[in-house]
Amino acid sequence: MPIKLKSLWGKPPLKSGYDVVIIGGGIHGLATAYFLARDHGVKDVAVIERRFVGYGGSGRNTAIVRANQRSQENLKLYDEGLKLWPRLIAELDFNMMFFNCGNLNLAHSEAAISALRLQVVTAQFYGVISELLDARQCREIVPALDISDRLTYPILGGMYHPPGGTLRHDAVAWGLAKGAAAKGVRIHQYTEVTGLKVEQGRVTGVVTDNGPIRTPRVLIAAGGYSTLLAGLVGLRLPIHVLPIQAMVSQPVKPFLHHVVSSGAYHVYCNQSLKGELVTGAHMDPWPTYTTNVTAQYIKHQAEALTELMPVLKGLRFMRIWAGLADMTPDMAPIIQGNDPIEGLYLDCGWGYFGFKSGPITGKYLAQYLATAECPEALKPFTLRRFEQGRPLGEIATPINYGPWN
Amino acid sequence: MSFMITCPICGRRDLYEFRFGGEERGPRPEEDGLTPRAYCEYVHMRTNAGGPQQEWWFHRDGCGLWFTVRRNTLTNREVSPPEAEG
């Protein structure tokens, strides 16, 4: 007998005006809407999504969460974000399949070990559990690893961060959408923003393909497409929009109990609770707004994975997809409000850190939108840091330290 | 993501032979009276066009030439410059 499923967030008609309009029905936008309604009594909120909830980067990442970033500004935010997941899951009463299996970040050179050491002490200074392991200890927690010198870049050690892990990204988007809708937020799917109305330096509304909306506050939280929306009002951003690909293998018995990543091999992987190996790679270094995939990546991924874990030879990939990563020069996001346009807020430039930062950023962004005062936690991410010559130090991470330096 | 790039010397080749060099952003600004904001605008800010854009490519695994092409970022196809369409 067919089961008629009830929509989790409904299909309300578009109103002619809202207190806040959030562009982007992904994790960042939905979390902001949820916390606006929950904490600040701002319930007249519209979330405008061009396709459907979680269609963009929110549903295309590899759902890894961790708090072992390099710079203190980033680290504190991600640490708080990591601690928020269990509370959010309980509060929304939605199973997001949070699995805090821990992350192991491999190093293949002395330079990378030094970078990891810096990152570990930063984490420990802020009370985040993170430690440096030698190659043998890496193998103890991930027996599939080949720590011999047969590798092109032998494993010298790694950074182990037990509190990290994975979630189910679709469930995060659905749970937040359901929670936001229950608090009065209106989610408008299949609605595309085609223009932003600005009068005398103030936002007055947005134009969509379903009609215009009046609003004094607009948040752009559209991931890789944020640059196009900012472009509607002539705003240029220090962002490169690059495609990043990910894939899953056929399901196999549990053999990998941690997220394993390697900057030198440009690979990260984990085994999902269903048994599939979920793996992603580096980005293609040319900007595009398409999400096509390539055979080169499957080949690259197969080579890297089977070199690090020879036991994977013969494993088949089942699906491959791509998403957009909005990369900034310092690997830190851009959060900016009321400058240069009053009422216009930006939440973009997350690169491939958008998933792990989603709910916690939404919580602070809601405060920002409600009070027009930027919370301390978000202040370091101002767009103005580039002209002030104060980029954040996030690129000093192992991914940039390989056998080549 | 894969597509083809036309090198002025070697012709249409697979893009994995090339290195991307960024969108065309004009000459470096004059240093006289240059403000941090104007310099930042040149160094960091990008148009990120959703559509045709003029951009630099380097034929790394070929002839070693730096050149510009006009590519539509929504389709990844090269397009003729507007003046040629005239």
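1. Strand 13 of chain A and strand 17 of chain A, residues 317-327, pair over ten bridges, in the antiparallel sense. One residue pair to look up on screen is Ser249(A), whose bridge partner in strand 17 of chain A is Phe317(A). Keep in mind that this is a predicted model.

2. Strand 13 of chain A has another neighbour. Five bridges join this strand to strand 16 of chain A, residues 276-283. The two run antiparallel. Here Ile244(A) stands opposite Met283(A) in strand 16 of chain A. For background, strands of a sheet pair through backbone hydrogen bonds, and the pairing is either parallel or antiparallel.

3. Why is strand 13 of chain A largely enclosed by the rest of the structure? The strand covers residues 240-251, and ten of its twelve residues are buried, so the rest of the structure largely encloses it.

4. Now the domains of chain A. Domain 1 is made of three segments, 20-61, 169-238 and 330-395. Domain 2 takes 103-162, and domain 3 takes 240-327. The C-alpha centres of domain 1 of chain A and domain 3 of chain A are 28 Å apart. Their contact uses 13 residues from domain 1 of chain A and eight residues from domain 3 of chain A. On the domain 1 side, nine residues are polar, three are nonpolar and one is charged.

5. Next, the nonpolar core. The largest one holds 126 residues. Which residues touch the most other members? They are Ile22(A), Ile23(A), Val45(A) and Ile220(A). Helix 1 of chain A, residues 27-39, gives the most to this core, with eight residues.

6. Zoom in on Ile22(A). Leaving out residues up to four places away in sequence, Ile22(A) touches several residues, including Gly29(A), Thr32(A) and Ala33(A). Val45(A), Ala46(A), Val47(A) and Ile48(A) are also among its contacts.

7. Chain A puts 25 residues into the contact and chain B puts in 16 residues. Which elements give two or more residues to the chain A side? They are helix 6 (226-231) and strand 13 of chain A. By class, the chain A side has 14 nonpolar, eight polar and three charged residues. For the complex, the predictor gives an ipTM of 0.90 and a pTM of 0.94.

8. Chain B comes to two helices and six strands. From the N terminus on, the order is β-β-β-α-β-β-β-α. Its C-alpha trace spans about 45 × 30 × 25 Å along the principal axes. Of its 86 residues, 9% count as buried. Among contacts in chain B with a separation of 6 or more, 52% come from residues 24 or more positions apart.

9. Chain B has an open sheet of four strands, in the order 3-4-5-6, with antiparallel pairing. Which strands lie at the edges? Strand 3 (19-23) and strand 6 (77-78) of chain B do, and each pairs on one side only. Seven bridges join strand 4 of chain B, residues 52-58, to strand 5 of chain B, residues 66-72. Among the paired residues, Gln53(B) has Arg71(B) in strand 5 of chain B as its bridge partner.

10. A last word on confidence. Chain B averages a pLDDT of 91, and 92% of its residues score at least 70.

Definitions and conventions: Residues are numbered from 1 along each chain as its sequence is written. Chains are lettered from A and ligands numbered from 1 in the order in which they are written. This is a predicted model: local features need pLDDT of at least 70, side-chain atom pairs count only at pLDDT 80 or more; totals for chains, interfaces and linings use all residues. pLDDT is the predictor's confidence in each residue, from 0 to 100. A residue is buried if 20 or more other C-beta atoms lie within 10 Å of its own, exposed if 12 or fewer, and partly exposed in between; C-beta atoms are placed from the backbone. Two strands pair if DSSP finds at least two bridges between them. Domain bounds come from an automatic or database domain assignment. Two residues are in contact if their C-beta atoms, placed from the backbone, lie within 7 Å. Ala, Val, Leu, Ile, Met, Phe, Trp, Tyr, Cys and Pro count as nonpolar, Asp, Glu, Lys and Arg as charged, and the others, Gly among them, as polar. A nonpolar core is a set of buried Ala, Val, Leu, Ile, Met, Phe, Trp, Tyr and Cys residues joined through C-beta atoms within 7 Å.
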